[in-house]
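Student: I would like to learn how to read the features of a model. Please show it to me first.

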Amino acid sequence: MGHGVVRGVTRAPEITLTGSYGLETRPLFASTQMRLEAGQWTCLLGRSGVGKSTILRLILGLPTQGRFIGTVTADDGHPLDGRAGYMAQTDLLLPWLSVRDNVVLGARLRGERPDLDKAHAMIDRVGLGAYHDKKPAALSGGMRQRAALARTLMEDRPLVLLDEPFSALDAGTRADMQDLAAEVLRGKTVLLVTHDPAEACRLGHHIKLLSETGITSWAVPDAPPARDVDDPQTLQAQAALLAYLRGTS
Ligand SMILES: Nc1ncnc2c1ncn2[C@@H]1O[C@H](COP(=O)(O)OP(=O)(O)OP(=O)(O)O)[C@@H](O)[C@H]1O
């Protein structure tokens with residue numbers, strides 16, 4: 001996740017991760033291939049500890065606890081440095097900065113002039129209009145998660161990796177933030193790690209299930225994402241996915 005976008009490479013790439021990964025004590029996945037289709041949302045589910053965040057960190061080139069033997073490639077052949085946005089499970093807000101300054105942190109770190117109007121609008125859109133000048137300590141967990149979401153959506157990256165970005169939100173706010181993310185990230189290549197079958201069935205162009213035996217694909221509803229929360233086929237798909245996940249846990 002370096003800084004500075006590779007010049008001219010702003011098209012959303014297709015990403016392929018191929019390889020095996022082991023912790024010191026045990027293998028996590030063997031000869032796995034995972035493809036993120038260009039400009040589409042791929043949702044990744046699987047039980048806790050199976051390796052979802054690890055896959056996301058491998059794509060980003062961030063350090064992990066184990067050993068990866070394999071490759072992560074983009075279909076345009078260019079490195080991913082500077083092209084990926086990342087929202088981690090923990091909000092990673094800097095406690096001494098206001099919400100506004102946290103949201104424009106990326107630009108500041110790159111030595112660019114931040115787009116304060118865009119930041120203002122994004123903070124309003126995540127429902128933190130009354131908190132622009134507040135420090136993270138004055139925010140609830142769900143509010144901090146929305147500040148981190150605003151920071152991620154500020155960055156106009158062609159590849160965006162989201163690790164349970166809506167997990168701390170109440171149901172109504174969660175649906176609103178899903179709609180916002182789907183709108184702002186339309187046309188980007190997105191990997192969303194989630195535990196929520198309903199979320200995956202609303203947002204995914206593709207749904208992948210990670211288990212000890214590898215990655216399998218799960219059929220998505222016909223309607224394009226973001227699907228309505230009351231779309232019958234989406235509700236049916238999420239019920240079937242939940243039943244499957246319960247059976248495999
Ligand atoms: N800091 C760490 N130290 C040692 N082992 C770790 C560490 N972080 C993760 N692991 C190991 O790596 C495995 C995969 O972790 P990972 O965070 O990728 O799982 P996950 O599927 O994202 O889990 P969750 O759904 O709970 O977030 C875990 O089973 C754990 O044993």
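Student: In what order do the six strands of the open sheet lie?

Tutor: This is a predicted model. The strand order in the sheet is β5-β6-β7-β3-β8-β9, with mixed pairing. At the edges are β5 (84–87) and β9 (214–218), each of which pairs on one side only. On average, neighbouring strands of the sheet are turned by 20° against each other, direction ignored.

Student: How many bridges join β5 to β6?

Tutor: Four bridges link β5 to β6 (residues 159–163), and the two strands run parallel. Within this pair, Ala84 stands opposite Leu159 of β6.

Student: Turning to the helices, which residues of α4 are buried?

Tutor: A residue counts as buried if 20 or more other C-beta atoms lie within 10 Å of its own. In α4 (residues 116–125), the buried residues are Ala119, Met122 and Ile123. They lie on the same side of α4 because they cover an arc of only 100° around the axis.

Student: What do the buried residues of α4 pack against?

Tutor: Their packing partners are α2 (99–103) and α5 (141–154). After α4 comes Gly127, which has a positive phi, near 80°.

Student: Which residues surround the ligand?

Tutor: The surrounding residues include Leu23, Leu28, Gly46 and Gln65, along with Ser48, Gly49, Val50, Gly51, Lys52, Ser53 and Thr54. By class, the shell holds three nonpolar residues, seven polar and one charged.

Student: Which helix gives the largest share of that shell?

Tutor: Helix α1 (residues 52–60) does, with three residues.

How values were computed
Residues are numbered from 1 along each chain as its sequence is written. This is a predicted model: local features need pLDDT of at least 70, side-chain atom pairs count only at pLDDT 80 or more; totals for chains, interfaces and linings use all residues. A residue is near a molecule or strand if its C-beta atom, placed from the backbone, lies within 6 Å of it. Ala, Val, Leu, Ile, Met, Phe, Trp, Tyr, Cys and Pro count as nonpolar, Asp, Glu, Lys and Arg as charged, and the others, Gly among them, as polar. A residue is buried if 20 or more other C-beta atoms lie within 10 Å of its own, exposed if 12 or fewer, and partly exposed in between; C-beta atoms are placed from the backbone. The arc is that of the directions from the helix axis to the C-beta atoms. Two residues are in contact if their C-beta atoms, placed from the backbone, lie within 7 Å. Two strands pair if DSSP finds at least two bridges between them. Axes are lines fitted to C-alpha atoms, for helices over the stretch in contact, and angles run from 0 to 180 degrees between N-to-C directions.
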